[in-house]
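Subject: Structure for you to look at

Hello,

Here is the structure I said I would pass on. My notes on what was found in it follow below.

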Amino acid sequence: MQDNHILVEGPEDTSGILIIRFNRPEKKNAITQAMYRRMVKTLNFANEDDSVRVVVFLGTEGCFSAGNDMADFLNYGMAQTSEPPAGFEFIKALADVKKPMVSGVDGLAIGIGTTLNLHCDMTIASSRTQFKTPFVDLALVPEAASSLLAPRVMGHQRAFALLAAGEGFSAKQALEAGLIWKMTEPENVEAESLEIARKLASKPPRALRIARDLLRGSPVEKLQRMDEEFAHFSAQLKSAEARAAFEAFMRR
Ligand code: COA
């Protein structure tokens, strides 16, 4: 990974806010194994370091993330390994982050670029954002405990449309579905996300932590669902139908 594909900022110079930014715009911020590994380290640091009060995920202009890197999907599918990929470690880390998480989404939010937000406590998205999880079209299945969290947040019909039918959600639809906290104009996404993070960072941390834990419940159920999803996901990654879908993308 180029060192700058994930940019990490804070917490000292940002009043306790740890910013994780997807920064691979030439590939629409598609996330590689190395990028996942960097984020796992950063989330572990956020858990352990008292000076981190809030974690914020941001992307680049017009693009949050186009999801998992397709070449990595293809390589994993062809490799003779049963070792989970780094993306799996990342989503497990995400379910277990002890600090509030905010995301600021502008533009493309595909695959994990959408499901990551189900783990965030407050998401601001720009009016031009498109959320989409084309798992089934790629011969894959929902991940990141989205099969558990999305129906709870938005009910079966909308969760099915998003996660199984692969229907895109506009920011307005995402707001109506409860996937995001607020819609704003593209130029305001970062400022408003950081403003929310600043407010959260200034609250009594113990009370906020307890309130958050009560609202979110134990991570155990999410981690179990991730294991269940991953058993199917990894088998599908190795399937001929998934390989055909990845190769079709690579050939475009
Ligand atoms: N993995 C790897 N590379 C990706 C990528 C991904 N998930 N998404 C985009 N890219 C790359 C493209 O290959 C292209 O690289 P190139 O310039 O070297 O050819 C570059 O990013 C720009 O993408 P492009 O497709 O030309 O831009 P676009 O605006 O026409 O379309 C998307 C953008 C995101 C709609 C389209 O790239 C796409 O569908 N990507 C796959 C998304 C996906 O299915 N992710 C997995 C979800 S589980």
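Cys-63 counts as buried because its relative accessibility is 6%. This is a predicted model, and every value here is computed from it. Cys-120 is buried as well, with a relative accessible area of 11%.

A disulfide is a covalent bond between the sulfur atoms of two cysteines. The cut-off used here is 2.5 Å between the sulfur atoms. The closest cysteine sulfur to that of Cys-63 is in Cys-120, 16 Å away, and therefore too far for a bond. By this rule the count of disulfides is 0.

Next, the sheet. It is open and has 6 strands, in the order β1-β2-β3-β5-β7-β10, with mixed pairing. Its edge strands, β1 (6-9) and β10 (182-184), each pair on one side only. On average, neighbouring strands of this sheet are turned by 15° against each other, direction ignored.

Within the sheet, β2 (residues 17-22) pairs with β3 (residues 54-58) over 5 bridges, in the parallel sense. Ile-19 has Val-56 of β3 as its bridge partner.

Last, helix α3, which spans residues 86-95 and is mostly covered, with 8 of its 10 residues buried. The buried residues are Ala-86, Gly-87, Phe-88, Phe-90, Ile-91, Ala-93, Leu-94 and Ala-95. What covers them includes strands β3 and β5 (101-105), along with helices α1 (33-48), α4 (112-115), α8 (205-216) and α9 (220-237).

Regards

Key:
Residues numbered from 1 in each chain as written. Predicted model: local features only at pLDDT ≥ 70, side-chain atom pairs only at ≥ 80, totals over all residues. Heavy atoms only, no water. Pairing = 2+ DSSP bridges. Helix = DSSP H or I, 4+ residues; strand = E, 2+ residues; numbered from the N terminus. Axes fitted to C-alpha atoms, helices over the stretch in contact; angles between N-to-C directions. Buried < 20%, exposed > 50% of the residue type's maximum accessible area, 1.4 Å probe, protein only. Contact = heavy atoms within 4.5 Å.
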